[in-house]
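Let's walk through this model together, one question at a time. Have the sequence and the coordinates open as we go.

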Amino acid sequence: MIGRLNHVAVVVPDLGAAAAKYRNLLGAEVHHPHDLPEHGVTVIFVTLDNTKLELMTPLGDNSPIAKFLADHPQGGMHHICFEVPDLAHAARTLVAGGARILGDGEPRTGAHGLPVLFLHPKDFDGTLIELEEVKPELQPG
Ligand code: CO
């Protein structure tokens, strides 16, 4: 069902410091920060050959990652995102198999403007999984 690893999201306490480390120490292609107020985060994308990283820090008073950062003040891995060709089909299959979808169970628009769902980390060995609908014709390469 799942296809490519679309991204790994990492919560960081200091976005500028994290970006500098990825750029200067790890030699990665680091992009400019983007405020995503509707998601309560500021993100910096790091492009790798085979996937990307999203460095995220809270934006605003009701950020969904504020508690994560409070619990993990040094930051940490937040979620991994897999691509699926048909999100509604994936959701039906997962729910039928006993997995729980976070929120009201309906897809919402993710950070890339595409429909996403999040799966309950308790159903996936403590890992928060995001599924993003990427139509096969939109997939690069
Ligand atoms: Co994500």
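Q: In which strand is the place of I80?
A: First, a word on the ground rules: this is a predicted model, where local features need pLDDT of at least 70, side-chain atom pairs count only at pLDDT 80 or more, and totals for chains, interfaces and linings use all residues. Residues are numbered from 1 along each chain as its sequence is written, and side-chain values use heavy atoms, with hydrogens and water left out. Helices (H or I, at least four residues) and strands (E, at least two) are DSSP runs, numbered from the N terminus. I80 belongs to residues 76-84, which form strand 6.

Q: Is I80 buried or exposed?
A: The scale is relative accessible area with a 1.4 Å probe, protein chains only: buried is under 20%, exposed over 50%, and partly exposed in between. I80 has 18% relative accessibility, so I80 counts as buried.

Q: Which residues is I80 in contact with, leaving aside neighbours within four places in sequence?
A: Contact here means heavy atoms within 4.5 Å. On that basis, the partners of I80 are L5, H7, V8, T127, L128, I129 and E130.

Q: Why do the buried residues of helix 1 line one face of the helix?
A: In helix 1 (residues 15-25), the buried residues are L15, A18 and A19. The arc is taken from the directions from the helix axis to the C-beta atoms. Seen down the axis of helix 1, its buried residues line one face because they fall within an arc of 100 degrees.

Q: Which strands do the buried residues of helix 1 pack against?
A: On the other side of helix 1, N24 and L25 are exposed. The buried residues of helix 1 pack against strand 2 (29-30), strand 4 (41-47) and strand 5 (52-58).

Q: Which side chain does a polar contact of 2.6 Å join to that of H31?
A: H31 sits in the loop between strand 2 and strand 3 (34-36), and its relative accessible area of 30% makes H31 partly exposed. A polar contact is a pair of N or O atoms within 3.5 Å; within protein, one must be able to donate a hydrogen and the other to accept it, and residues adjacent in sequence count only if both atoms are side-chain atoms. Not counting residues up to four places away in sequence, H31 touches R23, I44, F45 and T47. The side chain joined to that of H31 at 2.6 Å is the one of T47.
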